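Please have a look at the sequence and the model on the screen, and I'll walk you through a few places in it.

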Amino acid sequence: MRDLAILLNEMKDAGVLEAFALFGAMAQMRYTAAVATFDADVLIAVPGPPKLDALSDVYRFCSDRGYRPEGEAIRVGSWPVQFIVAFDPLTREAMQQATTVNYDGVPLRVVRADHLAVIALSVGRAKDFARVVALMESGSVTREQLAELAARHGLAGAWSKFVARFLEP
């Protein structure tokens, strides 16, 4: 993971990325017990106007440093990494409000627990609902925080269904 933190900071310093933040299962492990995952997911913002191939500069930068594509990801050290352009107001806010942690002496931005939970809620798969429950059980987020963030991003209905299904007897 240290190699990824270094690479992300180099991309930002070189202007390939405007911003980045680790999210998904790897970010969840900052707040809960370890979970099984096969890759690392990184939210990114790229400079310039939107373009069809938003990841071309990211792939070129990685390739120039010896990191090669592997399916839908790029292998960085022992991790396949998926770069995902922040795609809606929720993911953009999550990236902007991410916290910076020290990973073996290298700064790494990580999405906050409340944003991880509401992004998971918005996706709505079984493993995403399990992520929301795990984040709540860890004490990293409260029902009130999630209700407010979900409502602000148009997910009040999804939150109500989640509460009825998983949190009420």
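Let me begin with one term: a residue is called buried when its relative accessible area is under 20%, exposed when that area is over 50%, and partly exposed in between. Please also keep in mind that this is a predicted model.

With that in hand, take D57. Its relative accessible area is 33%, so D57 counts as partly exposed. D57 forms a salt bridge with R60, and the closest N and O atoms are 2.6 Å apart. R60 is partly exposed too, with 46% relative accessibility. Where do D57 and R60 lie? Both lie in helix α3, which covers residues 56–64, and they are 3 residues apart, about one turn of the helix. As a general point, an α-helix has 3.6 residues a turn, so residues three or four places apart point the same way.

On to other pairs. How many salt bridges does the structure hold? There are 9. One of them brings together the side chains of E70 and R75, at 2.8 Å from N to O. In this pair, E70 is partly exposed at 36%, and R75 is partly exposed at 30%. Another salt bridge joins R112 and D114, with 2.6 Å between N and O. Here R112 is partly exposed, at 25% relative accessible area, whereas D114 is buried, at 13%.

D41 sits in strand β2, residues 40–45. D41 is buried yet has no salt bridge. How far away is R131, the nearest side chain of opposite charge? R131 is 6.3 Å from D41, and a salt bridge needs the nitrogen and the oxygen within 4 Å. What does D41 touch, then, beyond its neighbours within four places in sequence? Its contacts are A21, L22, F23, G24, Q82 and I84.

D41 and R131 turn up together again at the largest pocket, where both are among the lining residues that lie nearest the centre, along with R125, K127 and D128. The lining has 22 residues, and the volume of this pocket is about 500 Å³. Sorted by class, the lining has 12 nonpolar, 4 polar and 6 charged residues. Which elements each supply at least two residues of that lining? They are α2 (25–28), β5 (79–85), α5 (113–123) and α6 (126–137).

Is A86 buried or exposed? It is buried, with a relative accessible area of 11%. Leaving aside its close sequence neighbours, within four places, A86 is in contact with L43, I44, T91, R92 and M95. A86 and V141 are 55 residues apart in sequence, and their C-alpha atoms are 22 Å apart in space.

Conventions. Residues numbered from 1 in each chain as written. Predicted model: local features only at pLDDT ≥ 70, side-chain atom pairs only at ≥ 80, totals over all residues. Heavy atoms only, no water. Helix = DSSP H or I, 4+ residues; strand = E, 2+ residues; numbered from the N terminus. Buried < 20%, exposed > 50% of the residue type's maximum accessible area, 1.4 Å probe, protein only. Lys, Arg positive; Asp, Glu negative; His and termini not counted. Contact = heavy atoms within 4.5 Å. 1 Å grid on protein atoms, 1.4 Å probe; cavity = no way out; pocket = protein on both sides within 12 Å on 5 of 7 lines; lining within 4 Å. Points joined across faces, edges and corners; volume = space filled by probe spheres on them. Nonpolar A, V, L, I, M, F, W, Y, C, P; charged D, E, K, R; others polar.
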